Amino acid sequence: MAIDFTLAPEHEEIRKRVRTFIQEIVIPAMDDLKQDDRDEYLRTIFHLRSQAKAEGLWLPHMPKEWGGMGLGHVELAMVQSEAAKTRIGPWVLNCAAPDEGNMHTLLHWATDEQKEKYLRPLLDGVRMSCFAMTEPEVAGSDPTLIRTEAVRDGDEWVINGHKWFISNARRANFAILIARTEQDVPEGSRGANTAFLVDLPSPGWNDVREVETMHGSTGHSEIVIKDLRVPDDQVLGGRGNGHRLGQYRLGPARLAHCMRWISQAETALDMMVDRALNRYSHGSLLADKQGVQWLIADSAMELYQCKLMVLHAASKIDKGEDFRTEVSMAKHFVAGSLNRIVDRAIQVHGALGYSTDTPLANMFQHARWARFADGADEIHQMRIAERTIAAYQATGSTASATGGLPL
């Protein structure tokens with residue numbers, strides 16, 4: 001089995017164009033901004049979006065017939081990693097979470113009418129969305145435990161429940177809401193939930209607050225749903241398919257997160273090496289000291305592993321193969337590596353790294369979130385172990401659970 005991640009010439013050209021656009025257009029524009037001027041900020045980022053469209057760098061993850069670039073997941077990994085060199089990069093190209101995952105979901109599950117109403121404006125960049133699944137009363141990593149209930153009332157559904165950490169909710173024009181509709185199935189059943197498309201704002205959808213996190217208020221809302229009425233034609237993907245829809249959405253979305261995290265880890269490693277080459281202490285540069293060299297070496301090896309895992313998982317998605325184990329492994333490993341690499345970079349920078357004079361402190365706060373976003377470390381470990389055991393029971397070998405590689 002040949003594994004070749006070399007980009008075709010046309011895709012290598014796209015990667016270079018994205019790199020140039022981010023480095024020469026987006027980053028300088030954001031650096032010149034007065035961050036306390038909200039109007040200037042909005043004008044700048046919407047102008048950057050217009051430039052991305054004009055450059056043909058819009059919607060790299062979507063099919064060409066829907067106005068996208070039509071890239072596969074391997075090619076998308078290259079684009080996402082270049083875009084994420086700055087926080088705003090994926091949003092400028094309209095491939096940022098949660099809209100990116102919602103676009104895939106709508107493309108696959110929505111009716112033609114729903115696509116025109118919800119997907120088309122999302123692709124045009126004139127609307128925003130959120131995905132409302134996680135609840136504070138039950139484990140977010142087990143959506144079969146969802147308590148938000150939807151009860152049929154004629155041609156409508158009446159929904160009551162409680163959601164939190166709903167990213168982008170305050171800016172969203174609509175939500176994909178997961179609620180329990182099947183009351184006669186056992187708790188834990190994967191056929192109990194249904195997805196609904198909810199126009200925002202709507203009576204009964206109450207945005208209580210943005211949850212304050214260790215890196216401030218960043219758009220993760222707590223929502224109380226009280227007698228929210230949703231027409232039956234707003235069901236997305238069919239009744240009882242909420243769990244399947246959610247899992248379909250989360251697989252590629254997890255890998256897209258990894259693509260962006262790799263970019264952050266690489267930035268941290270670059271900063272670590274630059275600091276080591278320019279900081280003199282106790283008779284030599286930090287780069288000459290074995291302890292610092294080990295920090296750099298460990299980070300380089302981990303980043304190499306991250307890249308290979310993401311590219312291999314992406315290739316399995318593109319081939320239509322079962323990618324669940326590989327994506328779980330990548331999500332767990334890349335999130336952990338991001339934490340470790342940024343932490344080492346902070347250590348090499350000393351007090352400067354702990355300050356907000358460099359981006360490392362903010363990167364470390366976001367990195368900590370990565371270990372439970374879209375599935376906690378422990379849940380991925382559990383699933384990886386289950387599939388490894390199942391592979392051995394079925395074949396007498398664990399080879400298929402470790403990538404199915406020819407070695």
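Modeller: Two strands pair if DSSP finds at least two bridges between them. Helices (H or I, at least four residues) and strands (E, at least two) are DSSP runs, numbered from the N terminus. This is a predicted model, where local features need pLDDT of at least 70, side-chain atom pairs count only at pLDDT 80 or more, and totals for chains, interfaces and linings use all residues. Residues are numbered from 1 along each chain as its sequence is written, and side-chain values use heavy atoms, with hydrogens and water left out.

Take strand β5, residues 193-199. Of its 7 residues, 6 are buried, so the rest of the structure largely encloses β5. Buried means under 20% relative accessible area, exposed over 50%, and partly exposed in between (1.4 Å probe, protein chains only).

Now the partners of β5. Strand β4 (residues 174-180) pairs with β5 in the antiparallel sense, over 7 bridges. Strand β8 (residues 235-236) also pairs with β5 in the antiparallel sense, over 2 bridges. Alanine 195 of β5 links to both strands. It is the bridge partner of isoleucine 178. In β8, leucine 236 is the bridge partner of alanine 195. In a regular strand, side chains alternate between the two faces of the sheet.

For contrast, look at helix α10, residues 351-354, which holds alanine 351. Alanine 351 counts as exposed because its relative accessibility is 67%.
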